[in-house]
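Here's a quick walk through one chain of a model and how that chain meets its neighbour. Have the viewer open as you read.

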Amino acid sequence: MSQWLTQVIDDAKRVDDFLAPMRQQALSKLQTQGWPHARSEEWRFTPLTSIKERAVESSSVAENAALASNYDLPQIDGLNAIDLVFVDGVLVTDLSDISLPSGLSVQPLSGAPNSAQSKITSLFGHVKPVRHVFGLVNDALCQQGVYIEVDESANIDTPVRIVNLATKDCDAHTRVLVNLGKNSQLKVVEHGSGNVASFTTAFAEYVIGENASLEHYRFALFTGNAKQVGGSHFSLQDSAKLNSTVVSYGSELSRLDVDIIHAGEHANAKMNAIYLLAEGEFFDLHSTIEHTMPNGTTEENARGIIGDRARAVFSGRIHIHRDAQKTLAELNNRNLLLSRRAMINTKPELEIYADDVKCAHGATVAEIEEKALYYLLSRGIKRSKALVMLNFGFIQELVNAIDDESIRTWLLPMLSERFASMEVK
Amino acid sequence: MLKINNLHASVEDKVILKGLNLEVKPGEVHAIMGPNGAGKSTLGYVLSGRDGYEVQDGDVSFKGEDLFEMEIEDRASKGLFLAFQYPVEIPGVSNMEFMKESVNATREQRGDEPLSATEFLKKAKEACKQVQLPLEFLKRGVNEGFSGGEKKRNEIMQMILLQPSLCILDESDSGLDVDALQVVANGVNSQRDSARSFIIITHYQRLLDYIKPDFVHILADGKIVKTGDASLAHQIEKEGYAFLGKEYEGVSA
């Protein structure tokens, strides 16, 4: 057992609210499962030692209220979103103070009104798989979060952005629950960042109702010593549509789990992931797509650039259950290593139990082509520009595939600058 | 323009250039001929700054500046141009985007405003016509799927667009039929003026029928061993390199 987990379990025992039954379940799982074994497939490549022996340091709500007016909110020009901001794990946005379009409601997790409690209870922990130790910790301990609901047939134009900022060395646990009613539409941006020593667990669960459509973004821009583990988990009902884009940097420890569950027929999921790891950074993306019902489609593209001494892990699994006939699923992972000491552990996996399906998966790893680079340089093109021209196209393709124009416009220069500043060795 | 003094250079620990001297003044055309392995291509690479080509001794000044103090891209944007013998294919980067970036990098160096997409397109189309490449070549990946001759013409097109002050042509004639050879030669001749200099590295005399050199140098074993006027090229064509010594007997040009 780890020192950190022991204390977390102790702390969690003192949490008492309407989610108690779920918290109890999570606690008992944590106690029986304990700390992940070093050889556990799920955590094999993820460096957990810094968490294992960490001292639990929670941020008090009162303390953070003071911070509420004193943080730098990352801006995405033109997005004009409803911002729900967590600073060091504490919700600092006054929910009673924001104006919401009709058809959209937002409730806090702690202190949710009675009317929302049963809805929250029926979603909390029901989409996110139980296998994840930090997900269980979040289940047991997390009191800071929001419940977002979109009414049936409501088409919400204003995006909702959930921001997680890490500003000091403490543990931050946040939770997002989103319920999209039948035929509704919503755009959600999960935006995390920080570069100071800290530890964030941020999990989000989405139920996308029948024929509803979710445009989802997760920006995990933690760097330096900011450790983060989190996930976005989706349950797609009949004919539901998900279009998700994950963009991540790397840090001392950065791990995201994305689960997409086709719980209804004819659901359509698209997931693109981009990771750009600068020198020495670490990022781990685990994605699992569960096709439990027929006629679903999934298209997943994960692409990354890995700098000197940085390491990326990609584990992408598509699981097609026996009843999921006529499934179309594609999974692809492409990587570019910038140095001999850059590393990727990639594992695309297909597990198919239905016989009438169309599936493909693949992974590639490439290095900088010196000859092409020399050719561009010899024509006067600056090294940073040449590198972007030669090696950024496959990332740019995914950025260009993003529906939201303001996000595209914000992301492209930010990512190409980060890439151009990375050293090729 | 260019002054090479006692240049020694090696590739993978093998010494290739062994004390090369050459001076090129503005407006001059110098041809460098020589048997295989003499170091002709190495000279081009060393001057352009390719990785892996190590300078052991000697110095080179380009427009009065120490060439070896400059990065590859700075040499290029200051006017040094090497037309490659085997231009690399770069799928994924369009010829158009590539040339626009390179032209604008050079303009920036000169303190000129970058060309707009429309302005550039106009120039690119003209240059494309001049080297007789179909316009759709601008949209294709850099050299992607181009034949040997098309690659050479693409190099000349870049030269025309970049307006360099020193052009080094590394066997731009090899593998070309007579028509293509003429296109390349016409491209070069259209750029000749009193300020622009050329170093034409070639194995054969025939390109020099179309591009009249002011000087012909024979490079052998890493050094320039003989210098003459255009007639020297004819002599080599007829007599081969036997005059260089016993080991070159029977080596034809």
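## A look at chain B

In β4(B), B:S61 is the bridge partner of B:K3. Keep in mind that this is a predicted model. That pair leads us to two strands: β1 (residues 2–11) and β4 (residues 53–62) of chain B run antiparallel and are joined by 8 bridges.

Zoom out a bit and you'll find an open sheet of 4 strands in chain B, ordered β2-β1-β4-β5, with antiparallel pairing. Which strands stand at the edges? They are β2 (14–24) and β5 (65–66) of chain B; each has a single partner strand, so one side of each has no neighbour in the sheet. As a reminder, strands of a sheet pair through backbone hydrogen bonds, either parallel or antiparallel.

Now for the helices. Two packed helices are described by the angle between their axes and the distance between the axes. Take α3(B) and helix α5 (residues 148–162) of chain B: their axes come within 10 Å and cross at roughly 35 degrees. The crossing of α3(B) and α5(B) is right-handed. On the α3(B) side, the contact is made by B:M99, B:S102, B:V103 and B:T106, while α5(B) brings B:Q158, B:L161 and B:L162. Sorted by class, the contact of α3(B) with α5(B) has 4 nonpolar and 3 polar residues, and no charged ones.

What about the partner chain? The contact between the chains takes 17 residues from chain A and 19 residues from chain B. On the side of chain B that touches chain A, the elements giving two or more residues are α2 (72–77), β7 (90–94) and α3 (95–110) of chain B. Of these, α3(B) gives the most, with 5 residues. The residues on that side of chain B divide into 9 nonpolar, 6 polar and 4 charged.

Finally, the whole chain. Here are some overall values for chain B:

| Property of chain B | Value |
|---|---|
| Helices | 8 helices |
| Strands | 12 strands |
| Box filled by the C-alpha atoms, along the principal axes | roughly 60 × 40 × 35 Å |
| Buried residues | 45% of the 253 residues |

Why does the radius of gyration of chain B agree with a compact globule? A compact globule with 253 residues would have a value near 18 Å, and chain B has 18 Å, so the two agree. As for how the chain contacts itself, take contacts in chain B between residues at least 6 apart in sequence: 70% of them join residues at least 24 apart.

Technical notes:
Residues are numbered from 1 along each chain as its sequence is written. Chains are lettered from A and ligands numbered from 1 in the order in which they are written. This is a predicted model: local features need pLDDT of at least 70, side-chain atom pairs count only at pLDDT 80 or more; totals for chains, interfaces and linings use all residues. Two residues are in contact if their C-beta atoms, placed from the backbone, lie within 7 Å. Ala, Val, Leu, Ile, Met, Phe, Trp, Tyr, Cys and Pro count as nonpolar, Asp, Glu, Lys and Arg as charged, and the others, Gly among them, as polar. Two strands pair if DSSP finds at least two bridges between them. Axes are lines fitted to C-alpha atoms, for helices over the stretch in contact, and angles run from 0 to 180 degrees between N-to-C directions. A crossing is left-handed if the near helix is turned anticlockwise from the far one by less than a right angle, and right-handed if clockwise. The radius of gyration is taken over C-alpha atoms; the globule rule is 2.2 Å times the number of residues to the power 0.38. A residue is buried if 20 or more other C-beta atoms lie within 10 Å of its own, exposed if 12 or fewer, and partly exposed in between; C-beta atoms are placed from the backbone.
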